[in-house]
Amino acid sequence: MNSLTATLERSDSVRADVADNPHRYRILTGERPTGPLHLGHYFGTLSERVRLHRLGVDTVVILADYQVITDRDAIGRVRENVHGAVLDYLAAGIDPNRAVIFTHSAVPALNQLLLPFLSLVTEAELHRNPTVKTELAASGRALSGLMLTYPVHQAADILFCKGNLVPVGKDQLPHIELTRVIARRFNERYGEVFPEPHALLTAAPEVPGLDGRKMSKSYGNAIALSMTADETAALIRRAPTDSQRLITFDPAGRPGVSALLTTAALCTGADERELAAEIGDAGAGALKQLATDAVNEFLAPHRRRRDEFARDPGYVRGVLRDGNRRADEMADRTLGEVRDAMGTAY
Ligand code: TRP
């Protein structure tokens with residue numbers, strides 16, 4: 001059995017167990033604050049994260065700000081992006097009294113775990129990571145030391161709080177596998193400190209961007225959760241379609257038209273082909289109107305709550321400050337155990 005099949009099977013059995021025993025689990029997940037969160041994040045990970053949180057699973061959400069500079073030189077508008085992501089977490093239903101929301105750059109002991117962890121992997125293992133290879137190719141730049149080693153840093157992100165459940169998309173699986181290897185090797189070498197975390201693959205289909213490619217801020221094809229209804233309408237109006245009036249669902253042949261159908265389907269719970277039949281030969285204009293209404297209706301409650309939180313920036317900063325403090329305490333405790341295990345507690 002190959003390792004992806006094994007991971008998928010574990011993911012399914014863990015999913016079943018979480019529903020019965022939510023208190024056995026701590027989820028650690030999050031994202032790189034490279035831009036505003038969009039519908040892809042919402043359906044891909046955010047909704048699953050909130051579902052687990054509501055089940056009572058202990059929740060730690062990371063904003064991996066050092067990971068912003070893995071594939072680019074500039075850190076960009078990182079403060080604004082962090083603030084915006086916290087707003088989206090709060091609006092989506094993450095309760096900061098029951099969750100830790102933090103930025104990893106603010107937690108020194110987490111970062112210190114990188115040193116012993118680096119000793120547990122070989123250069124060849126790092127070079128084999130398929131996600132790093134893809135990201136490197138997409139970045140069009142030379143391989144930096146951070147790019148090569150960030151999956152080890154990500155292992156520190158997960159293990160500093162002994163997270164044992166990581167809801168992620170498929171592209172992150174190599175990193176979770178490496179995290180398990182690092183936990184195992186550490187425990188074998190120095191004594192049991194770390195759990196081997198499980199990946200929990202999100203069942204949601206990949207959300208296409210408005211041009212049919214993967215939804216990504218850098219392609220300009222993403223509907224940000226923070227957009228207004230008018231901005232959403234304008235973006236969808238500019239989406240590439242074709243001049244064939246009969247609307248059909250054909251992702252390979254008609255990527256733009258099909259992406260709009262999928263977007264509307266996700267937001268309404270309807271089926272793409274049903275929606276296409278409903279529109280019939282009314283053309284791309286009618287399709288765009290339908291998709292715009294679907295997205296704006298679906299996001300209206302989220303945007304309303306987001307706007308309310310945004311009116312109180314002091315509160316949002318407080319959530320992050322408190323999250324960083326609690327993450328710091330967890331990291332200190334774990335680093336203490338690591339020092340004891342390694343015999344470096346002086
Ligand atoms: N690499 C993840 C991404 O690009 C973000 C991330 C950083 C993460 N650290 C993590 C995800 C730890 C899960 C667990 O989306």
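In the shell around the ligand, the largest share, 4 residues, is contributed by β1, where strands are DSSP runs of E with at least two residues, helices are runs of H or I with at least four, and both are numbered from the N terminus. This is a predicted model, in which local features need pLDDT of at least 70 and side-chain atom pairs count only at pLDDT 80 or more, while totals for chains, interfaces and linings use all residues. Residues are numbered from 1 along each chain as its sequence is written, and side-chain values use heavy atoms, with hydrogens and water left out.

The ligand is surrounded by 13 residues, the closest being Ala64, Gln67, Gln154, Asp157 and Gln172; a residue is near a molecule if one of its heavy atoms lies within 4 Å of it. By type, the shell divides into 5 nonpolar, 5 polar and 3 charged residues, with Ala, Val, Leu, Ile, Met, Phe, Trp, Tyr, Cys and Pro taken as nonpolar, Asp, Glu, Lys and Arg as charged, and the others, Gly among them, as polar.

Of the 370 Å² of accessible area that the ligand has on its own, the protein covers 89%, as computed by the Shrake-Rupley method with a 1.4 Å probe. The elements giving two or more residues to the shell are β1 (26-31) and α8 (145-159).

Glutamine 172 itself is located in the loop between β4 (165-168) and α9 (173-190). Its relative accessible area is 16%, so glutamine 172 is buried, a class that means under 20%, with exposed meaning over 50% and partly exposed lying in between (1.4 Å probe, protein chains only). Although glutamine 172 and alanine 199 are 27 residues apart in sequence, their C-alpha atoms are 8.8 Å apart in space.

Another loop, between α8 and β4, holds lysine 162, which counts as partly exposed because its relative accessibility is 26%. The phi of lysine 162 is near 55 degrees, a positive value in a residue other than glycine, whereas most residues other than glycine have a negative phi.
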